Amino acid sequence: MFRKSLPVFIAISCLSNLAHAKDIDLIVNGLDGKLKDNVDVYLSSIPEKDYSADLRFQSRLEDSINEALNALGYYNAEISFDYEKESQELKVNVVPGEPVTVAEVDVELTGEAKSDPDFIKAVQNSRLEVGSVLHHSDYEALKSKLRNLALKKGYFNAKYDVSRLEVSPVRNQAFIRLHYDSGQRYHFGETTITGSQIELDRVQSLQPYKQGEPYLVSEVGKFNSNLSNTDWFSSVVVAPDLSKLDSQRELPMNVSLAPQSRNQLETGIGYSTDVGVRGSLKWNKPWVNSRGHSFDSSFSLSKPEQTITAGYRIPLDDVLHQYYRIQYGMKKVDNRDTNSLESNLQFERHWLADKGWHKTVYLRYLIENYEQGLQDDIGQFVMPGISFSRTRTRGGSMPSWGDKQSITFEYGDKNVFSETSVLRIIGSSSWIRSLGDNHRGLWKVNGGVNLTDEFDRLSPSLRFFAGGDNSIRGYGYESISPVDSSNSLTGAKYLLTNTLEYQYRLTGDWWGALFYDTGDAFNDTPDLKDGVGFGVRWASPVGPIALDFAWGLDSDPGDRFQIHFSLGPEL
């Protein structure tokens, strides 16, 4: 009987010990500040299921604590243990002792980096000083900094002749010796481009460096980025030929390219209470010829609006930053009290500034056949204009920080093929700011002005309407404007809208949103319309998706609730 019951007894004992082990509380005394924080980090790698009061576990704790303290210069810690069986507490008592201080710092640069300001600054800004408490991280940081600088600046033969951190725990002293031989700094050599369907002078104009200049990896990255941003190529690889390191100072640069598909099609479909079901089709040609000209077109279809546009882009000598564009668009609108057929032909000159500002000077010809309320007319305008815009973001498809500003001025003169004289000013500004990882705020302001003495001669597309998913949610699409004697919408001289939105991360890429919109489209004095609501945001792989439920506080009772669904960037 005894032999049969013995395995059962042993199993019960093991389970009992395991249960106690899981209940043990570990308490570390005697440490504070950075010492406590670092020890906590090291001990967090030990699973709680491994906690025990036996000597083997105490030895494991002692090793981990010593490693954590050594990293911060404490090599003579005294560690003792107290185990209270009744409370199941294992107390670790630590006396860190005196820290090790740096007795000698011997950092020596040889090779061409000896006179390189970046290397000199890296050594001067390191925290390795005689008399300071030893931190292993400071030593490793300087080593890594010198290595990274060598790779960034083309010292491809750099190496450490001496790399030692010597510690004498008995004397509480540390001795640091770093002797770094950078060798020579390589320069950019001849650039060879293969696989390009675009003329070489167009591609070479994107090269940010010149042959013979000192190598910088940032310039290589910039060249790669410039080529990718043209949309001419499906694959871009820019790299130095490191096989020539031993034979010459100038490293040949190899650029390998693959043409982008000559035709690209994109389709989309969506829904909102603004326009109902909405479909789109885009046909683009990223490159039309060997000079890098491109063509784009789009067609969108919904019940109240149908739009078709086509554009042709001609890059100038500064391929990325300056170009001409010719664009034609036609739009059919049958919405509420507006029925119009609009045709626009526009000639544009574009500049892209390094700080992100996009400047456009243009001349457009507008002809519009329309019925607006009681009006039935044909409008014609020739309008030169200028616009400035900039978008900046940080943090992916739903950025943690961002802003967008734009302003446009255009003018039509009744003496130069226009129905009446009008100065139009349209502006907008948006900001995104985050607090921590789970809180985001969005603020948008939009405004517009028509300065004219003959407002009734403006075409509907030049007038302002408010309401909809990009305006005051809770109101129908373009349902807010002054009305005529038949109570039909007429459009407005002025526009002002404002949006405040708070977002909270629900889980992962899903966010909840609360928002308040206000504004009006008006002729004299605004009568602000307010809208409130809530929604859901998803940072999907194809871009942010938003679903909003909105109420117009000043709407007619039957029109107060609106649903808005949208796909695309918030700015």
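**Close-up views of a predicted model**

**View 1. Glycine 73 counts as buried, at 0% relative accessibility.** Buried here is under 20% relative accessible area, exposed is over 50%, and partly exposed is in between, with a 1.4 Å probe and protein chains only. This is a predicted model, where local features need pLDDT of at least 70, side-chain atom pairs count only at pLDDT 80 or more, and totals for chains, interfaces and linings use all residues. Residues are numbered from 1 along each chain as its sequence is written, and side-chain values use heavy atoms, with hydrogens and water left out. Look for glycine 73 in the loop between α3 (55-71) and β2 (78-84); helices (H or I, at least four residues) and strands (E, at least two) are DSSP runs, numbered from the N terminus. Set aside the neighbours within four places in sequence, and glycine 73 touches Pro99, Val100 and Leu134, with contact meaning heavy atoms within 4.5 Å. Isoleucine 198 is another matter: C-alpha to C-alpha, glycine 73 and isoleucine 198 are 60 Å apart in space, and 125 residues apart in sequence.

**View 2. Tyrosine 51 and phenylalanine 57 make a tilted aromatic pair.** The structure has 17 aromatic pairs. To pair, rings of Phe, Tyr and Trp (its six-membered ring) need centres within 6.5 Å; planes under 30 degrees apart are stacked, over 60 edge-to-face, and the rest tilted. For tyrosine 51 and phenylalanine 57, the numbers are 5.6 Å centre to centre and 45° between the planes. Tyrosine 51 is buried at a relative accessible area of 13%, and phenylalanine 57 is buried at 4%.

**View 3. Phenylalanine 119 and tyrosine 155 pair edge-to-face.** Their ring centres sit 5.2 Å apart with the planes at 80°, so edge-to-face is the label. The pair links distant parts of the chain, 36 residues apart: phenylalanine 119 is in helix α4 (residues 117-124), while tyrosine 155 is in the loop between α5 (136-153) and β5 (159-168). Phenylalanine 119 is buried at 0% relative accessibility, and tyrosine 155 is buried at 4%.

**View 4. Six named aromatics join up in a cluster through ring pairs.** Pick out Phe156, Tyr186, Phe188, Tyr209, Tyr215 and Phe223.

**View 5. Arginine 177 reaches glutamate 104 in a salt bridge.** The count for the structure is 30 salt bridges, each being a side-chain nitrogen of Lys or Arg within 4 Å of a carboxyl oxygen of Asp or Glu. Here the closest N and O atoms are 3.0 Å apart. Arginine 177 belongs to strand β6 (residues 173-181) and glutamate 104 to strand β4 (residues 101-110), so this bridge ties together parts 73 residues apart in sequence. Arginine 177 is buried at 18% relative accessibility, whereas glutamate 104 is partly exposed at 29%.

**View 6. Arg473, Glu501, Asp517, Arg537 and Asp548 form a salt-bridge network.** Start with arginine 473 and aspartate 517, whose closest N and O atoms are 2.9 Å apart. Arginine 473 sits in the loop between β20 (439-451) and β21 (494-507) and aspartate 517 in strand β22 (residues 510-522), so the pair ties together parts 44 residues apart in sequence. Both ends are buried: arginine 473 with a relative accessible area of 6%, aspartate 517 at 0% relative accessibility. Next come glutamate 501 and arginine 537, with 3.1 Å between the closest N and O atoms. Glutamate 501 is in strand β21 and arginine 537 in strand β23 (residues 529-540), so parts 36 residues apart in sequence are tied together. Glutamate 501 is buried at 7%, as is arginine 537 at 5%.

**View 7. Two arginines lie over aromatic rings.** The rule is that NZ of Lys or CZ of Arg must be within 6 Å of the ring centre and within 35 degrees of the ring normal. Arginine 473 turns up again here, over the face of phenylalanine 515 at 3.7 Å from the ring centre. Arginine 394 has its charged end over the ring of tryptophan 401, 4.2 Å from the centre.

**View 8. Arginine 336 and phenylalanine 417 have positive phi without being glycines.** For arginine 336, phi is about 55°; this residue is in the loop between β14 (322-335) and β15 (338-352) and is partly exposed at 49%. For phenylalanine 417, phi is near 60°. Phenylalanine 417 is in the loop between β18 (401-412) and β19 (422-435), and is exposed with a relative accessible area of 61%.
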